[in-house]
Amino acid sequence: LFAGLYRVFGLHVEKSWARVLGAGFALILPLVFLLRNTFPYRFPWDTPAMAFLAWGAFFLLRGQWGRVAVLMIFATLNRESAILIPLLFGVMYFDRLPLRKLLLVGTALVAVYAAVSWAVSLTLGDNLSYYGPNSLASLHKYGKWRLFINLAWLNYSIRNYLVLLATLGGLPLVFLAFLRWIPAHLRGFGLVALFYFELLACVGNLYESRIFGEIVTLLYIPAALGGCRYLRAGMPLPDFQPPGQANSLNPFRPGLEIAAAVILMGLLIALGIVLKAIPAPYTPPVPF
């Protein structure tokens, strides 16, 4: 994990700064994994998921599509959050690659994800209830939609909003504070993090902090680089750019990013309205 972060930072700053920024991630991990919470669990696939994301970002930034595809195999075997890697490809390159190449690489990565996920579903077809007739069980719990369970927890006390922010390492605020100093090709990481957070709000427990490992990885990379560029304003920095050239969408990137953020938040609100009108099925606890 730290080696992958060092490689990513090493593309944008000198090696000494890359070491400092990479090691700085150690200050975030205790908040995600050691802060006391309702479900203080940690599973063997949590940290590897973060490492796959860091190395996936590095290979994507270098344009090493074959290595990304191979990485996708192992990342998907590890956890479903491997879908974040194709999403990172999309937000990094939608304004830098010809449409044909964008679709070709993006489709290949999604195909790897789909094929490996299908193989996993065949292998683990009788594992608990997640691949059987109750495959949507993660959306609800004991007769309530999980989205509303999470909202009820947040609204129970103002303190819970602070707990949530703490388990995200405070990075959403840091990301926004240094947004103007974040390299353009990394700003889209915030959109992917927002999408994944909304997904977790629907299928996970927001009071189970370990589920935010991928989000803090996504936000730390651009936030740390933004902070570094702010501190070094006026000083020379390596002018790294990912492969490709600006296409016709490049001038519209800032507006498209704002529109995407608004659409993502609107979709979550719309989903809440729909679920409000649909009774959640009751699924009894799964015996272990």
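Reader: What counts as a helix or a strand here, and from where are they numbered?

Author: Helices are DSSP runs of H or I with at least four residues, strands are runs of E with at least two, and both are numbered from the N terminus. The model is predicted.

Reader: Where does proline 279 lie, then?

Author: Proline 279 is in the segment after H13.

Reader: Is proline 279 buried or exposed?

Author: Exposed, with a relative accessible area of 70%.

Reader: Switching to aromatics. How many aromatic pairs are there in the whole structure?

Author: A search of the whole structure gives 14 aromatic pairs. In one of them, tryptophan 55 with phenylalanine 59, the ring centres are 5.8 Å apart and the planes meet at 45°, so this pair is tilted.

Reader: Why are tryptophan 55 and phenylalanine 59 about one helical turn apart?

Author: Because they are four residues apart in helix H4, which covers residues 46–62. Tryptophan 55 is partly exposed at 24% relative accessibility, while phenylalanine 59 is buried at 12%.

Reader: What kind of pair do tryptophan 65 and phenylalanine 89 form?

Author: An edge-to-face one, with 5.4 Å from centre to centre and 85° between the planes. Tryptophan 65 belongs to helix H5 (residues 65–78) and phenylalanine 89 to helix H6 (residues 84–93), so the pair ties together parts that are 24 residues apart in sequence. Both tryptophan 65 and phenylalanine 89 are buried.

Reader: Which residues make up an aromatic cluster?

Author: Phe9, Phe25 and Tyr220 form one. Phenylalanine 25 also has other contacts: setting aside neighbours within four places in sequence, it is in contact with Leu1, Phe2, Leu5, Met50, Val216, Thr217 and Tyr220.

Reader: Which residues touch the most other members in the largest nonpolar core?

Author: Phe9, Phe25, Leu88 and Phe89, in a core of 79 residues. H12 supplies the largest share of this core, ten residues. In soluble globular proteins, nonpolar side chains tend to be buried together.

Reader: And charges over rings? What sits over the ring of phenylalanine 33?

Author: The charged end of arginine 42, at 5.3 Å from the ring centre. Likewise, the charged end of lysine 276 sits over the ring of phenylalanine 148, also 5.3 Å from its centre.

Reader: Next, aspartate 46. Which helix is aspartate 46 in, and is it buried or exposed?

Author: Aspartate 46 is in helix H4. It has a relative accessible area of 1%, so it counts as buried, the limit being under 20%.

Reader: What does the side chain of aspartate 46 reach?

Author: It reaches the backbone nitrogen of phenylalanine 43 at 2.8 Å. The aspartate 46 side chain also makes a polar contact with the side chain of arginine 210, at 2.8 Å. Not counting residues up to four places away in sequence, aspartate 46 touches Phe33, Arg79 and Arg210.

Reader: Which residues are buried in helix H8?

Author: H8 runs over residues 146–156, and its buried residues are Arg146, Leu147, Ile149, Asn150, Trp153 and Leu154. Viewed down the helix axis they fall within an arc of 165°, so they line one face of H8. Asn155 and Tyr156, on the other side, are exposed.

Reader: What covers the buried residues of H8?

Author: The cover includes strands S1 (140–141) and S2 (144–145), together with helices H9 (158–167), H11 (184–203) and H13 (253–276).

Reader: And for helix H2, which residues are buried?

Author: In H2 (residues 15–24), Ala18, Leu21, Gly22 and Gly24 are buried. Their arc around the axis is only 155°, which puts them on the same side of H2. Lys15 and Val20 are exposed on the face turned away from that buried side.

Reader: What do the buried residues of H2 pack against?

Author: Helix H1 (2–10) and helix H12 (213–231).

Reader: Last one: where is threonine 76, and what is it in contact with?

Author: Threonine 76 lies in helix H5, and it counts as buried at 6% relative accessibility. Leaving out neighbours within four places in sequence, threonine 76 is in contact with Ala82, Tyr113, Val116 and Ser117.

Technical notes
Residues numbered from 1 in each chain as written. Predicted model: local features only at pLDDT ≥ 70, side-chain atom pairs only at ≥ 80, totals over all residues. Heavy atoms only, no water. Phe/Tyr/Trp six-rings, centres within 6.5 Å; stacked < 30°, edge-to-face > 60°. Buried < 20%, exposed > 50% of the residue type's maximum accessible area, 1.4 Å probe, protein only. Lys NZ or Arg CZ within 6 Å of the ring centre and 35° of its normal. Arc of directions from axis to C-beta. Contact = heavy atoms within 4.5 Å. Polar contact = N/O pair within 3.5 Å; in protein donor to acceptor, adjacent residues only side chain to side chain. Core = buried A, V, L, I, M, F, W, Y, C linked by side-chain atoms within 4.5 Å.
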